[in-house]
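The sequence and structure come next.

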Amino acid sequence: MNRILLLNCGPHSDASHGYRLARETLAAAGITDAHITERDLVQAPLPPIGRDYALAITSNTAHDADGLQQSEQLIVELEQHDVLFIVTPMHNFTIPAALKLWLDHVIRIHRSFAATPQGKVGLMKDRPTFVLVSSGGFFAGERAKQQDFLTPYLRYALASIGISDIHFFPLQGLVFGPEAVAQAISEVRLPMSEKLSRALAIS
Ligand SMILES: Cc1cc2nc3c(=O)[nH]c(=O)nc-3n(C[C@H](O)[C@H](O)[C@H](O)COP(=O)(O)O)c2cc1C
């Protein structure tokens, strides 16, 4: 059975449209809570990147060194799951600070990526990854009126540790009232649920 790591990255926690849709989609795919590890990066914030960590990753420090404990815990957690599901808002055209902090702890030299003359090479196992991106306005498709730095950045950052089987689902126009929200959800529900069912069948 798949083990799913669900990262909830927005300030609305379990009231977020994205989170509710993610939960509904997972339940519809027959995934029970027993197979989901949920990490709410706003309700349970990670510590900022401190000096110990900054020193540890720029020197050849052992993986069990004090400064690396938080990073190590998050990387092991990611290793223990074979599906990653990120529910994130767009904040100022890119990922929110809470998700950036998770990446800063997880993307670690000699551990989740190797530095080679050709550039960074990911050391993590690839796995189906779903990214449900909530936004007040529109950033994809014909109605887009703003640039999207979230999708290319997150794709690149996750690829640097070996995760490239990524599926993005934009949940857009959420500030335009209940009808717009219902429309956004109806556009995403089916494709996301189909993709999830296919991914779960093979991983
Ligand atoms: C600090 C902040 C920055 C935001 N920046 C953007 C933005 O750049 N583009 C956009 O369309 N919406 C932006 N929004 C709106 C949020 O993306 C939107 O409220 C959120 O995704 C709602 O989704 P949820 O119900 O799933 O939490 C921003 C909201 C906040 C709080």
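## Strand pairing

F85 stands opposite F130 in β6. Strands here are DSSP E runs of at least two residues, and helices are H or I runs of at least four, numbered from the N terminus. β3 and β6 pair in the parallel sense, over six bridges. Pairing requires at least two DSSP bridges between two strands. β6 also pairs with β7 (residues 166-171), again parallel and over six bridges. There, T129 stands opposite I166 in β7.

This is a predicted model: local features need pLDDT of at least 70, side-chain atom pairs count only at pLDDT 80 or more, and totals for chains, interfaces and linings use all residues. Residues are numbered from 1 along each chain as its sequence is written, and side-chain values use heavy atoms, without hydrogens or water.

## Burial of β6

Six of the six residues of β6 (residues 129-134) are buried, so the strand is largely enclosed by the rest of the structure. Buried means under 20% relative accessible area with a 1.4 Å probe, protein chains only. T129, V131 and V133 cover one side, and F130, L132 and S134 the other; all are buried.

## The largest pocket

The largest pocket holds about 290 Å³ of space. A pocket is an open set of points on a 1 Å grid where a 1.4 Å probe fits, with protein on both sides within 12 Å along at least five of seven lines; lining residues have an atom within 4 Å of a point. Of its 18 lining residues, H12, H17, P89, S134 and L174 are the closest to the centre. β3 gives the most to the lining, with three residues.

Methods. Points joined across faces, edges and corners; volume = space filled by probe spheres on them. Buried < 20%, exposed > 50% of the residue type's maximum accessible area, 1.4 Å probe, protein only.
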